[in-house]
Amino acid sequence: MGVVLVTCALIFLNDKVLCAQRSSTMNLPGLWEFPGGKIEKGESPEECLVREIKEELAITIKVLGALKPNDHAYSKGIVIRLLPYVCIWQCGEVKLLEHQQIKWVEKGNLNSLNWAPADIPIVNDLSENWNIIQKQLVDYTTES
Ligand SMILES: Nc1nc2c([nH]c(=O)n2[C@@H]2O[C@H](COP(=O)(O)OP(=O)(O)OP(=O)(O)O)[C@@H](O)[C@H]2O)c(=O)[nH]1
């Protein structure tokens, strides 16, 4: 059985990360996710993320590094491999082109959202590594 590769962006702005709620026209309506989408033929994960985030939220991001992927088997035998990347917001104003709403969420509130099942290990990993990621982001922004 094939595995569907899906990228997702953990977009940071200061000490918050962007979380997006899937709308009624998407599958898993009402559940929260990190925005992104399926990798197209010939695309790198980073290229996919930059494209998807422009398509979904109309903003430009910079992809900084990968976190641990998570495989999840949804019903109907579909397995998705969710590939999370730490990103920073670069420019543009968020427009909701597909999602119902977004929230900029701090570490302590991540668990209050109703996450898509495939995202739960990623949210846990993010919480555990939050301080390390924050330090890398500070180093990146002071260097550039
Ligand atoms: N983008 C994204 N998709 C996720 C997450 N968690 C999760 O289970 N998914 C699932 O991964 C699959 C791909 O997501 P998508 O529908 O956003 O991908 P896409 O934009 O390329 O879709 P399309 O083929 O309908 O245009 C969906 O089945 C979605 O429910 C997540 O955090 N981010």
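Helix H1 has 13 residues and spans 18 Å from its first C-alpha to its last, close to the 18 Å expected at 1.5 Å a residue. The model is predicted. The points below cover H1, glutamate 52 within H1, and the shell of 15 residues that surround the ligand.

**Helix H1**
- The buried residues of H1 are Cys48, Leu49, Val50, Glu52, Ile53, Glu56 and Leu57.
- Cover for these buried residues comes from elements including S1, S4, strand S5 (60-66) and S7.
- After H1 comes alanine 58, which has a positive phi, near 65°.

**Glutamate 52**
- Glutamate 52 lies in H1, which runs over residues 45-57.
- Glutamate 52 counts as buried because it has 23 C-beta neighbours inside 10 Å, and the cut-off for buried is 20 or more.
- Leaving out residues up to four places away in sequence, glutamate 52 touches Thr7, Pro35, Gly36 and Gly37.
- Between glutamate 52 and leucine 83 there are 13 Å in space, C-alpha to C-alpha, and the two are 31 residues apart in sequence.

**Shell around the ligand**
- Of the 15 residues that surround the ligand, the closest are Glu33, Gly36, Gly37, Lys38 and Ala118.
- Strand S1 (3-13), strand S4 (36-38) and strand S7 (79-91) are the elements that give two or more residues to this shell.
- The most comes from S4, with 3 residues.
- By class, the shell holds 9 nonpolar, 3 polar and 3 charged residues.
- Gly36 and Gly37, among the closest residues to the ligand, are also touched by glutamate 52.

Methods:
Residues are numbered from 1 along each chain as its sequence is written. This is a predicted model: local features need pLDDT of at least 70, side-chain atom pairs count only at pLDDT 80 or more; totals for chains, interfaces and linings use all residues. A residue is near a molecule or strand if its C-beta atom, placed from the backbone, lies within 6 Å of it. Helices (H or I, at least four residues) and strands (E, at least two) are DSSP runs, numbered from the N terminus. Ala, Val, Leu, Ile, Met, Phe, Trp, Tyr, Cys and Pro count as nonpolar, Asp, Glu, Lys and Arg as charged, and the others, Gly among them, as polar. A residue is buried if 20 or more other C-beta atoms lie within 10 Å of its own, exposed if 12 or fewer, and partly exposed in between; C-beta atoms are placed from the backbone. Two residues are in contact if their C-beta atoms, placed from the backbone, lie within 7 Å. The expected span of a helix is 1.5 Å times one less than its number of residues.
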